[in-house]
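Work through the exercises below with the sequence and the 3D structure at hand. Each task is followed by a solution in steps.

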Amino acid sequence: MTLKNVYDVVVIGSGPGGLAAAVAAKKEGAQDVLIIERDVELGGILLQCIHNGFGLETFKEDLPGPTYAERFIKEAQAIGVEVLLDTMVLDITPQRKIYAASKRNGFIEIESRSIVLAMGCRERTRPQIRIPGSRPAGVYSAGTAQRWVNVEGYMPGNRVVILGSGDIGMIMARRLTFEGAKVERVLEVMDYLTGLTRNYVQCLLDFDIPLQLRHTVKRVIGNTHVEAIEAVQVDAKWNVVPGSEEVIPCDTLLLSVGLIPENELSRKAGVILDPITGGPVVDDNFQTNVHGIFAAGNVVHVYDLVDWVTEAGYEAGKCAAAHAIEVRRKEHHLIPLIAGDNVRYIVPHMLDKRNLEGNEIRLQMRVSKPVEQPVWLEVHDKNNLITRRAERYVRPGEMVTVVLKPDHFAEVSKADSLTIDMVLR
Amino acid sequence: MKEIQKLICISCPKGCTLEVTVDGDTVVKVSGETCKKGVDYAEKEISDPRRMIATTVRVKNGFHPLVPVYSLQPVPKPLIQNVLKELRKVELTAPVKQGSVVLENVLGTGANIIASRDMPAK
């Protein structure tokens with residue numbers, strides 16, 4: 001694939017939001033649509049979500065994550081969405097310049113008429129919830145463990161405690177049980193389940209995995225590797241209930257304690273974030289405060305169902321395409337005014353040709369050197385003279401005005417640029 | 001002897017709480033459901049509980065060392081561990097096509113286990 005310098009729509013990320021945005025943008029008439037993905041294949045986190053439950057809204061089918069992703073991947077490929085894999089976006093500017101890097105292409109600079117941010121979210125980590133105790137190996141986020149078990153073929157351990165009753169945590173409890181591990185406990189600091197009730201039934205109840213609400217990890221025990229954790233009950237204000245401590249021997253602690261939209265790039269592009277969601281503030285077109293930069297999916301707020309991410313992606317992609325088409329149309333109609341012989345500058349610098357239809361446009365300029373004899377100021381498109389104005393003399397201190405009239409529209413509409421030269425009469 | 005059991009429907013993410021009146025293995029009455037799936041689920045859950053299975057099998061020469069698979073039809077709950085045992089014996093060779101059958105009618109359950117995605121060769 002040859003990389004272009006300018007795209008109609010560039011989508012950052014190829015999870016469900018990004019894939020839907022790219023497909024929708026292409027279908028809505030965007031010419032060149034590019035997905036930039038940092039992983040080595042398209043699909044995002046759906047690829048490690050091998051459990052079913054995806055697509056009930058979108059396809060009226062109960063699909064596993066990889067199958068759901070594959071439908072969009074195949075559609076994107078079929079309609080000619082371009083893809084850059086294994087490529088990290090480093091920076092985005094408010095002028096929609098994208099800087100990226102990859103082993104294959106080195107440093108990449110791309111301009112885009114519209115951008116869709118679809119970077120998804122990241123898991124909250126141990127330092128972010130400040131679990132006391134030693135710092136041994138064996139404490140992982142649930143999503144990391146999910147990738148190891150489902151994609152890379154590693155087990156994080158054999159005796160597992162899970163902190164947090166989010167969906168990924170519960171799904172990993174079942175998954176690790178399937179692979180022969182013993183899940184000792186799921187601890188939840190709130191007094192309610194934070195994931196879906198159906199996952200409590202089919203992931204915990206089905207396998208007799210105990211869930212303890214209002215419980216958390218008081219400390220991690222072990223020097224080089226986790227040997228146990230100390231669980232403890234908490235009250236409504238999350239204060240430890242003395243005497244409720246229990247040491248649970250285990251070799252792995254998984255954290256399923258929330259997701260945070262990933263918005264480092266959005267910040268660099270000048271996108272305003274909502275402190276509550278952690279994602280961009282968007283309008284009903286999913287456009288951010290930066291003109292032409294859209295955002296969709298978990299990068300905006302953390303969703304419960306992938307189907308809604310897809311829906312948001314479609315909408316953002318559609319609006320990104322409409323924006324790009326409008327920008328392209330404007331670029332097409334917008335031509336530069338070039339200062340030629342003895343013309344120092346012209347204002348305006350550019351001209352939207354459509355405005356000449358029915359309107360006069362005044363071009364104002366100054367000459368570089370005085371000429372004390374009759375001259376023409378000629379407006380032409382290459383060799384084709386469009387109009388000219390006679391002056392008895394020209395001086396840098398005195399501005400010259402040339403008026404383009406609706407009569408000139410037919411000729412100007414064919415021009416790629418207009419040049420103004422001073423010539424002697 | 002009639003008794004009332006509480007079940008949580010797992011047919012969709014809504015997770016409705018169902019009150020199921022059963023007489024032995026027969027469902028007499030279901031309440032609390034918000035769609036027809038709830039009634040079907042309750043009847044099935046009382047007489048023959050089944051679950052979808054999603055796991056991975058090894059793949060030789062694949063882009064990844066594993067390929068995710070799932071049961072196209074739900075399998076009886078008591079047989080889950082046995083089905084997983086069968087799948088542990090399987091080793092595919094890349095390339096694998098999404099939807100290709102990995103185990104047909106696994107353990108006579110009527111369920112086919114199929115590949116969840118394409119797995120290109122290395």
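Helices (H or I, at least four residues) and strands (E, at least two) are DSSP runs, numbered from the N terminus. The model is predicted: local features need pLDDT of at least 70 and side-chain atom pairs count only at pLDDT 80 or more, while totals for chains, interfaces and linings use all residues. Residues are numbered from 1 along each chain as its sequence is written, and chains are lettered from A and ligands numbered from 1 in the order in which they are written.

**Exercise 1. Chain B**

Give the order of the elements of chain B from the N terminus on, and state why chain B is described as more spread out than a compact globule.

Solution.
- Step 1: Chain B holds two helices and ten strands. Read from the N terminus, their order is β-β-β-α-β-β-β-β-α-β-β-β.
- Step 2: The radius of gyration is taken over C-alpha atoms, and the globule rule is 2.2 Å times the number of residues to the power 0.38. For the 122 residues of chain B the rule gives 14 Å; the radius of gyration is 18 Å, well over that value, so chain B is more spread out than a compact globule.
- Step 3: Along the principal axes, the C-alpha atoms of chain B fill a box of roughly 60 × 25 × 15 Å.
- Step 4: Chain B is divided into domain 1 (2-47) and domain 2 (54-115), with bounds from an automatic or database domain assignment. The C-alpha centres of these two domains of chain B are 30 Å apart.
- Step 5: A residue is buried if 20 or more other C-beta atoms lie within 10 Å of its own, exposed if 12 or fewer, and partly exposed in between, with C-beta atoms placed from the backbone. In chain B, 30% of the 122 residues count as buried.

**Exercise 2. Chain A**

Describe the elements, the extent and the domains of chain A.

Solution.
- Step 1: Chain A has nine helices and 25 strands. Its radius of gyration is 30 Å, well over the 22 Å that the globule rule gives for 425 residues, so chain A is also described as more spread out than a compact globule.
- Step 2: The box filled by the C-alpha atoms of chain A, taken along the principal axes, is roughly 105 × 40 × 40 Å. Buried residues make up 44% of the 425 residues in chain A.
- Step 3: The assignment for chain A gives domain 1 (6-122 + 260-331), domain 2 (125-257) and domain 3 (340-424). The C-alpha centres of domain 1 and domain 2 of chain A lie 32 Å apart.
- Step 4: Two residues are in contact if their C-beta atoms, placed from the backbone, lie within 7 Å. By this test, four residues of domain 1 of chain A touch five residues of domain 2 of chain A.

**Exercise 3. Where the chains meet**

How many residues of chain B are in contact with chain A, and which elements of chain B give two or more of them?

Solution.
- Step 1: The contact involves 21 residues of chain B and 21 residues of chain A.
- Step 2: On the chain B side, β5 (54-60) and β6 (66-71) are the elements that give two or more residues.
- Step 3: Ala, Val, Leu, Ile, Met, Phe, Trp, Tyr, Cys and Pro count as nonpolar, Asp, Glu, Lys and Arg as charged, and the others, Gly among them, as polar. The chain B side then has eleven nonpolar, six polar and four charged residues.

**Exercise 4. Two helix pairs in chain A**

Describe how α1 packs with α8, and α4 with α5, in chain A.

Solution.
- Step 1: Axes are lines fitted to C-alpha atoms, for helices over the stretch in contact, and angles run from 0 to 180 degrees between N-to-C directions. A crossing is left-handed if the near helix is turned anticlockwise from the far one by less than a right angle, and right-handed if clockwise.
- Step 2: The axes of α1 (residues 16-27) and α8 (residues 306-333) of chain A come within 7 Å and cross at roughly 40°. This crossing of α1(A) and α8(A) is right-handed. Their contact has 15 nonpolar, five polar and one charged residues.
- Step 3: For α4 (residues 142-152) and α5 (residues 167-178) of chain A, the axes come within 9 Å and cross at roughly 35°. The crossing of α4(A) with α5(A) is left-handed.

**Exercise 5. Buried or exposed?**

Is A:D407 buried or exposed? Why is α6 of chain A described as largely enclosed?

Solution.
- Step 1: A:D407 lies in the loop between β24 (400-404) and α9 (409-412) of chain A. A:D407 has 12 C-beta neighbours inside 10 Å, so it counts as exposed.
- Step 2: In α6 (residues 197-204) of chain A, six of the eight residues are buried, so this helix is largely enclosed by the rest of the structure. Among the buried residues of α6(A) are A:R198, A:Y200 and A:L204.
- Step 3: The buried residues of α6(A) pack against α5, β10 (182-188) and β11 (211-213) of chain A, and against β1 (2-8) and β4 (50-51) of chain B.
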